[in-house]
Amino acid sequence: MVVWALWGYLLSVKEERTQCSVDLEPLRVKGYREDFWAGRLLAPQCKVSGCQECLSRADMYYRFAVLNAMGWVLFPVPIQRWLCALHGRTSALPPFLHRYLHYMVEVVEAVLVGISEDGKRLEELVEIDGPSASTAYRWNEQLLAEQVREWILKRLRGAWELTLQGYSSARSGTIQAARYLAKQMQIRSFSPFLQRAKLAYMIRYAE
Ligand SMILES: [Zn+2]
């Protein structure tokens, strides 16, 4: 019993990321935290273009973000949600987070899993400064295409059979196959395989 508990603990430790100490954070991140807690953040524009309403503070939440290519994560970053009297809630990500988002495998994976696996709506996932609706739908369509799944299953060489029963959709089955391949190769993220597969079939169709 103790051995299993220890094994479980070791596995969970292996999955954890190195968290960047707040003291070591870049100055722009530190500055943002100070402004946030001092209430100095400026209200953004409403997400509906042309809306002239002044946004008021609503609630807040914490956001996870990867700091660098080593996979270090920032201590959870507080994000302010804002309220437009006409168009509802919206939130603006700080510029430094916005920049990291473009490099974050986690964001791509969160969008794929959220939409194709958990059946969430895009509005529940994407911040106004995150990927656009068209980008998010393109990821889901292209990265989880049937050809991508075939490419992955071929690499698994029968080690993992896909029966689509039990998955909410064929796309969710593609995510599971990619997860399995990543696990086999001891790679933490599954989306690089989707990217690789997509590239492979695009080249094939271009010939
Ligand atoms: Zn508005």
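Reader: How many strands form the open sheet, and in what order?
Author: Three strands build an open sheet in the order 1-2-3, with antiparallel pairing. Strand 1 and strand 3 are its edge strands, each pairing on one side only. From one strand to the next, the twist averages 30°. Strands here are DSSP runs of E with at least two residues, helices are runs of H or I with at least four, and both are numbered from the N terminus. Two strands pair if DSSP finds at least two bridges between them. Axes are lines fitted to C-alpha atoms, for helices over the stretch in contact, with angles from 0 to 180 degrees between N-to-C directions.

Reader: Which numbering and which kind of model is this?
Author: Residues are numbered from 1 along each chain as its sequence is written. The model is predicted: local features need pLDDT of at least 70 and side-chain atom pairs count only at pLDDT 80 or more, while totals for chains, interfaces and linings use all residues.

Reader: Over how many bridges do strand 1 and strand 2 pair?
Author: Strand 1 (residues 56-63) pairs with strand 2 (residues 77-84) in the antiparallel sense over six bridges. Along this pairing, Ser56 stands opposite Leu83, Met60 opposite Gln80, and Tyr62 opposite Pro78.

Reader: And how many bridges join strand 2 to strand 3?
Author: Strand 2 is joined to strand 3 (residues 88-91) by four bridges, and the two run antiparallel. They form a hairpin with three residues between them. Leu83, which faces Ser56 on one side, also stands opposite Arg89 in strand 3.

Reader: What is the count of buried residues in strand 1?
Author: The count is zero among its eight residues, and strand 1 is hardly covered. A residue is buried if 20 or more other C-beta atoms lie within 10 Å of its own, exposed if 12 or fewer, and partly exposed in between, with C-beta atoms placed from the backbone. Over the chain, buried residues make up 22% of the 207 residues.

Reader: Changing topic: what does the secondary structure of the chain come to?
Author: The chain has eight helices and three strands. From the N terminus on, the elements run α-α-β-β-β-α-α-α-α-α-α.

Reader: Which residues of the largest nonpolar core touch the most other members?
Author: Of its 22 residues, Val111, Leu112, Val148, Ile152, Ala178, Phe193 and Leu194 do. Helix 4, helix 5 (133-143), helix 6 (146-156), helix 7 (170-184) and helix 8 (191-206) each supply at least two residues of this core. Helix 4 gives the largest share, six residues. A second, separate core of seven residues includes Val29, Tyr32, Leu74 and Leu93. A nonpolar core is a set of buried Ala, Val, Leu, Ile, Met, Phe, Trp, Tyr and Cys residues joined through C-beta atoms within 7 Å.

Reader: Which residues does Val148 touch?
Author: Leaving out residues up to four places away in sequence, Val148 touches Leu143, Thr174, Leu194, Ala197, Lys198 and Tyr201. Val148 is buried in helix 6, as are Arg149, Trp151, Ile152 and Leu153. Helix 6 is followed by Arg157, whose phi is positive, near 45°.

Reader: Where do the buried residues of helix 5 fall, seen down its axis?
Author: The buried residues of helix 5 are Ala136, Trp139 and Leu143. Down the axis they fall within an arc of 65°, so they line one face of the helix. The arc is that of the directions from the helix axis to the C-beta atoms. On the other side of helix 5, Ala133, Ser134, Arg138 and Glu141 are exposed.

Reader: Why does Ala133 count as exposed?
Author: Ala133 counts as exposed because it has 10 other C-beta atoms within 10 Å. Its C-alpha atom lies 7.1 Å from that of Leu122, 11 residues away in sequence.

Reader: Ser116, then: buried or exposed?
Author: Ser116 is buried, because it has 23 C-beta neighbours inside 10 Å. This residue is found in helix 4 (residues 105-117).

Reader: With which residues is Ser116 in contact?
Author: Neighbours within four places in sequence aside, Ser116 is in contact with Asn140, Leu144, Ser169, Arg171, Ser172 and Ile175. Contact requires C-beta atoms, placed from the backbone, within 7 Å. Between Ser116 and Arg171, 55 residues apart along the chain, the C-alpha separation is 5.9 Å.

Reader: What percentage of contacts in the chain join residues at least 24 apart?
Author: The figure is 64%, among contacts between residues at least 6 apart in sequence.

Methods. Contact = placed C-beta atoms within 7 Å.
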